[in-house]
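The following exercises are to be worked with the sequence and the coordinates at hand. Each task is followed by a solution in steps.

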Amino acid sequence: MDDILITKDNTDSVVYSIISQFKQRADFGMKKYGTNLDRTDLSVLEWIQHAQEEHMDAILYLEKLKQTEIKRMSP
């Protein structure tokens, strides 16, 4: 795969923000866990379990935001 150089000058602000956040997340994971997603010590089922847990967390965050917004909009 070719290397890709993403800068503020060659992409829009939203894409740049997301890529920056991915990089920060990867750096955090490396610091906290001492590994990255190139690791080979997990089985397919373990990767699926990790993904399910992350998605469950995301659903909880969305529900919290939805409830907060409903309360804010209520008279």
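**Exercise 1: Ser17**

Ser17 is found in helix α1, where a helix is a DSSP run of H or I with at least four residues, numbered from the N terminus. The model is a predicted one, in which local features need pLDDT of at least 70 and side-chain atom pairs count only at pLDDT 80 or more, while totals for chains, interfaces and linings use all residues. Residues are numbered from 1 along each chain as its sequence is written, and side-chain values use heavy atoms, with hydrogens and water left out.

Task: state which accessibility class Ser17 falls into, and why.

Solution. Step 1: the classes are buried (under 20% relative accessible area), exposed (over 50%) and partly exposed (in between), with a 1.4 Å probe and protein chains only. Step 2: Ser17 has a relative accessibility of 31%, and therefore counts as partly exposed.

**Exercise 2: helix α1 and its ends**

Task: determine how the span of α1 relates to the expected value, and which residue caps its N-terminal end.

Solution. Step 1: the expected span is 1.5 Å times one less than the number of residues. Step 2: α1 has 21 residues and reaches 30 Å from its first C-alpha to its last, close to the expected 30 Å. Step 3: the N-terminal cap is Asp12, with a side-chain oxygen 2.9 Å from the backbone nitrogen of Val14. Step 4: just after α1, Gly34 adopts a positive phi of about 70°.

**Exercise 3: outside the helices**

Task: locate Asp3 and Asn36 relative to the helices.

Solution. Step 1: Asp3 belongs to the segment before α1; its relative accessible area is 78%, so Asp3 is exposed. Step 2: Asp3 and Val14, 11 residues apart along the chain, have C-alpha atoms separated by 20 Å. Step 3: Asn36 sits in the loop between α1 and α2 and is partly exposed, at 35% relative accessibility. Step 4: a polar atom of the Asn36 side chain lies 2.8 Å from the backbone nitrogen of Asp38.

**Exercise 4: the whole chain**

Task: compare the radius of gyration of the chain with that of a compact globule.

Solution. Step 1: the radius is taken over C-alpha atoms, and the globule rule is 2.2 Å times the number of residues to the power 0.38. Step 2: for 75 residues a compact globule would be near 11 Å, whereas the chain has 18 Å. Step 3: the C-alpha atoms fill a box of roughly 55 × 40 × 20 Å along the principal axes. Step 4: the chain has two helices and zero strands (a strand being a DSSP run of E with at least two residues), and 3% of its 75 residues count as buried.

Note on methods:
A polar contact is a pair of N or O atoms within 3.5 Å; within protein, one must be able to donate a hydrogen and the other to accept it, and residues adjacent in sequence count only if both atoms are side-chain atoms.
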